[in-house]
Amino acid sequence: MDEISSVLFRSLYVNGTATLIASLIGVPLALLVDFFSFAGKKVLVLIFQSFTGIPPVLVGLLVYLMLSRNGPLGSLQLLFTSTAMILAQILIALPIIFSISYGHFSRVENRVRNVSRTLGANDFQVMSRVLLESSTGILTAVLTAFGRVVGEVGAVMMVGGNIQGRTRLMTTSIVLYTSRGEFDKAVKTGIVLLIVAFGVNVLAVVMSKAFHKRLQT
Amino acid sequence: MIYEIEELCFSYDARFSLKIPHLEIPREGITGIVGPSGSGKSTLLMNLAFLQKGSWKSFKFCGKEVKPEDLKSLRRIVTYVSQHPILFSTTIKENLSYPLKLRRIPKDVVEKSVYKISRLLQIEHVLNSRPWEISGGEAQRVCIGRALIFKPKVVLLDEPTSNLDEENESIIEKILRDISTDTKLIIVSHNKHQIRRLCDTHFVMKNGMLLQNTQR
């Protein structure tokens, strides 16, 4: 397997795993926050929404401090591994998935919830209904988060270290090749990255349009 | 009586309050609630559907006093059809089968029930359509069918024909008359003529108060 292919597969593994884990946490969390009323709900949503724009290097710094030898998770020896990069990307993807999903859940009319209840649904079944009604919106959230982490460089560079054959991703490869003056390799990797990012974004736009069309009808 | 209520009060805010000193709704036939917009008809209906909880001195359903902890289980036997058809973003067949799937009814029974109710409501031709592909009259019939399919004790209908043309109005009125032999119907409408045509008993409401009870 040539270098670009191995970097591509490693990138897809890191980005995909981070997006998957962030989705498994973010979507149910957004659903629960939407469903229940509690003190501090608005503040919690605001915090998540603010973190959608957090600079990746800050996330990198936070994860670095946590995983460094003197950090609280230093004994796990995860720094400069794929796991560290996945952890950093989860923190980047989670606020995005939460905020977009929450926005779609809260747009599902209250009348839909009432109709479910009056047809005999319990709380869990009402939440399942809201989830189904927002399925396209959730897909948009996941694809948007994936689009964000696939092009992210700051955090993975800090906690992954850009080690050849271990933690080198497409974005960090481009940084390295450019700094070495190997522009042909940088451009090749860039084109592959662009195709992946473009594909994901096209999918996100198509899904988003379908969802809005559904809302309008 | 299916409902026997003493001193029911409900308010959203200081501007509106529902005050029902005494209300008895018989088990048989169709009962109507008529009144102008903002008179509290829909609020009363939501309380009867156990979707809103007011305060009361006594609230009996089927002769049994209602307790706050009973509301969730009562929602499984009393259902409500809103003024604007609310359908889930799936096929009409899925919409109709939803209440039965919630109750874990076997698949073959669900299939039979869906076809039976769709024949009764003349919506067989839209079973595989999506909500945005059918007319307003068909959507309202689907909502009524979805409410009836699990054989609830009471079906509460909020302005069931207010957004429909005359043809669809008469189709739905005929369906309501047909199903009222098996199911108790309570209908809210601002249309006095419709209430007189359809209902065996009706109440008049104004400014959150019950004014009169008329029997046919």
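Select residues 184–189 of chain B, strand β8. Six of its six residues are buried, so the strand is largely enclosed by the rest of the structure. Buried means that 20 or more other C-beta atoms lie within 10 Å of the residue's own; exposed means 12 or fewer, and partly exposed is in between, with C-beta atoms placed from the backbone. Strands (E, at least two residues) and helices (H or I, at least four) are DSSP runs, numbered from the N terminus.

Before moving on, note that this is a predicted model: local features need pLDDT of at least 70, side-chain atom pairs count only at pLDDT 80 or more, and totals for chains, interfaces and linings use all residues. Residues are numbered from 1 along each chain as its sequence is written, while chains are lettered from A and ligands numbered from 1 in the order in which they are written.

**Stay on β8(B).** Show its side chains. In a regular strand the side chains alternate between the two faces of the sheet. Lys184(B), Ile186(B) and Val188(B) sit on one side, with Leu185(B), Ile187(B) and Ser189(B) on the other; all are buried.

Pairing requires at least two DSSP bridges between the strands. Val34(B) stands opposite Ser189(B), and Thr31(B) stands opposite Ile186(B). Is β3(B) mostly covered or uncovered? Mostly covered: five of its five residues are buried. Ile30(B), Gly32(B) and Val34(B) take one face, Thr31(B) and Ile33(B) the other.

Asp158(B) faces Val188(B) across the pair.

Together, β7(B), α6(B) and β8(B) make a right-handed β-α-β unit. Right-handed means that, with the strands pointing away from the viewer, the path from the first strand over the helix to the second runs clockwise. Turn the view to check.

**Pick Asp178(B).** This residue lies in α6(B). Asp178(B) has 11 C-beta neighbours inside 10 Å, so it counts as exposed. Now select Leu120(B) too: its C-alpha is 9.2 Å from that of Asp178(B), with the two residues 58 apart along the chain.

**Go to the interface.** Here 17 residues of chain B are in contact with 14 residues of chain A. Contact means C-beta atoms, placed from the backbone, within 7 Å. On the chain B side, β6 (78–81) and α3 (92–102) are the elements that give two or more residues. The largest share, three residues, comes from α3(B).

Chain A has ten helices and zero strands. Its C-alpha atoms fill a box of roughly 65 × 40 × 25 Å along the principal axes. Of its 217 residues, 41% are buried.

**Finish on α1(A), residues 3–35.** How many residues does this helix have? It has 33, and spans 47 Å from first C-alpha to last, close to the 48 Å expected at 1.5 Å a residue. The expected span is 1.5 Å times one less than the number of residues. Centre on Ser23(A): α1(A) bends there by about 25°. The bend is the angle between axes fitted to the seven residues ending at a residue and the seven starting there.

Terms used
Contact = placed C-beta atoms within 7 Å.
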